[in-house]
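Please look through the following protein model slowly, with the sequence beside it, before reading on. The report below takes up a few of its local features in turn.

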Amino acid sequence: MNIDERLANTHFPLPAIREVNQSKHPSGISLGLGELKSFEVDNKIFDALKNSWNNGGTAYTQNAGLPQLREAVAKNQAHEDGYDYNQDHVVITIGVQNAIYTSIKTLAKLGAKRVLIPSIHFGIYKKIPAEFGLEVITYALKDDFSIDLEKLEKLICDDDIFILNSPSNPTGKVFSGNELEALSTLLSAKLTKGYAISDEIYSSLVYDGNGFQSFSKYFNRTIIANGISKSGAVAGLRVGWLITQNLQLAKAFTSNNATIISTPPTINQFAALPIVEGETRETIGKYNKILKANRDKVITLLEKLKIPYNSPQGSFYIFPKLSGLFGSRVKEFCLETAAKENGIVVIPGIAFGAPDYIRISLATNDIDEPLRRLEEAIVNYTK
Ligand SMILES: Cc1ncc(COP(=O)(O)O)c(C=O)c1O
């Protein structure tokens, strides 16, 4: 077969998230969003964008990114975990997706063979390692979405890549200090040659509980992936980063990412500065207020309908279990409900490896009407 023939025979299946969004009726409303699209963007971000035009914004930056931004990221992370970072520990990327891609690409080239991901996970954790021929193994989560450490201990090998996501998409779980410490104890004994990749993209969006803690505070072989997509409500600016305490590894990330992107977009890196430097803190506080109020409204509905759930503390999702009502027809419910006139979009859990659940996004400024529609849809589908 030649290239064209192979291409003609290649199928590009739609991810479940896209499938549901595509089936949405024009009159439908979405609680499927993975971004704070309708939320106010802080003016300081726009000012930084504008100011960058006359300030080197249209030139290349270094491959590892804008030095001021790397320095600001390093300072923040030092505050999180106490390590003495500087800009050489930081590599700016095109969003967190690019950060995770490059870290896995680099570790694969350095000989990693297996990636451990949570059984309920953001989709790219599975897809990216597959591109580099790595084996993907899921580690079990308990019903409360915490990690089953006993099972993990039996599963993990010394040179694996271990992926952690807190606050989590889609569960909304924020791991406590005690949980991170227990995980670190296990990894320190078992993951002696491998690395943890900690996806901390929702670190600013914690609205309940004891707050966010970075896993690198507990486990120093942690590669941190973070960015501005969620904290700034600016997912389209595509700025993220990797941080590692290992300078040689940071150089490897830079080199491996340079062949993909050369450098991240300069103007957008300038726009990230006010977010990283804490100037948009007040706006982030407003986001968290809205998310918490929305979460409480969803919980009231779930209680009323007797649907089991764990109360999320961060990110902007809630992940209730619908299989008790719909058995194996949870995805079907999502597709049908999205396609109906005046319908509602929620994401089937199969998109995250958990077919019994649905993901409801809290990222909206008006959740009352969407929840009214969701209640009606669930009640009608149960009849
Ligand atoms: C857990 C998680 N990691 C990474 C990403 C990708 O982030 P970015 O848009 O910055 O590439 C997302 C986006 O939804 C996410 O939810």
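This is a predicted model: local features need pLDDT of at least 70, side-chain atom pairs count only at pLDDT 80 or more; totals for chains, interfaces and linings use all residues.

| Helix pair | Crossing angle | Axis separation |
|---|---|---|
| H11 (residues 281-305) and H14 | roughly 20° | within 11 Å |
| H13 (residues 330-339) and H14 (residues 368-382) | about 125° | 11 Å |
| H5 (residues 95-109) and H9 | roughly 115° | within 9 Å |

The axes of H11 and H14 cross at roughly 20°, and because angles under 35 degrees count as roughly parallel, the two helices are described as roughly parallel to each other. Their crossing is right-handed. On the H11 side the contact is made by Lys 297, Val 298, Leu 301, Lys 304 and Leu 305, and these residues meet Asp 368, Leu 371, Leu 374, Glu 375, Ile 378 and Val 379 on the H14 side. Sorted by class, the residues of this contact are seven nonpolar, no polar and four charged.

Glu 332, Phe 333, Glu 336 and Thr 337 come from H13, while Leu 374, Ala 377, Ile 378 and Tyr 381 come from H14. In this contact, five residues are nonpolar, one is polar and two are charged. A reader who compares the two lists will find Leu 374 and Ile 378 of H14 named in the contact with H11 and named again in the contact with H13.

The remaining pair is H5 with H9, whose axes cross at roughly 115°, and the two helices are therefore roughly perpendicular to each other. This crossing is right-handed as well. From H5 the contact draws on Asn 98, Tyr 101, Thr 102, Ser 103, Lys 105, Thr 106, Leu 107 and Lys 109, and from H9 it draws on Leu 249, Ala 252, Phe 253, Asn 256, Asn 257, Thr 259, Ile 260 and Ile 261. The residues of the contact of H5 with H9 comprise seven nonpolar, seven polar and two charged.

## Backbone details in the loops

Ser 262 is not a glycine, yet its phi is positive, near 65°, and it is found in the loop between helix H9 (247-261) and helix H10 (266-276). Ser 315 likewise has a positive phi, about 55°, although it is not a glycine, and it lies in the loop between H11 and strand E9 (317-318).

Is each of these serines buried or exposed? Ser 262 has a relative accessible area of 31% and is partly exposed, whereas Ser 315, at 0% relative accessibility, counts as buried.

## Asp 144 and the cysteines

Asp 144 is located in the loop between strand E4 (135-139) and helix H7 (149-155). With a relative accessibility of 43%, Asp 144 counts as partly exposed. When neighbours within four places in sequence are left aside, Asp 144 is in contact with Lys 173 and Asn 310. Between Asp 144 and Thr 171 there are 27 residues of separation in sequence, and their C-alpha atoms are 9.4 Å apart in space.

How many disulfides does the structure hold? It holds zero disulfides. Two cysteines can still be described by their accessibility: Cys 157 is partly exposed, with a relative accessible area of 33%, while Cys 334 is buried, with a relative accessible area of 0%.

Key. Residues are numbered from 1 along each chain as its sequence is written. Side-chain values use heavy atoms; hydrogens and water are left out. A disulfide is a pair of cysteine sulfur atoms within 2.5 Å. Buried means under 20% relative accessible area, exposed over 50%, partly exposed in between (1.4 Å probe, protein chains only). Axes are lines fitted to C-alpha atoms, for helices over the stretch in contact, and angles run from 0 to 180 degrees between N-to-C directions. Helices (H or I, at least four residues) and strands (E, at least two) are DSSP runs, numbered from the N terminus. Contact means heavy atoms within 4.5 Å. Ala, Val, Leu, Ile, Met, Phe, Trp, Tyr, Cys and Pro count as nonpolar, Asp, Glu, Lys and Arg as charged, and the others, Gly among them, as polar. Angles under 35 degrees count as roughly parallel, over 145 as roughly antiparallel, 65 to 115 as roughly perpendicular and the rest as oblique. A crossing is left-handed if the near helix is turned anticlockwise from the far one by less than a right angle, and right-handed if clockwise.
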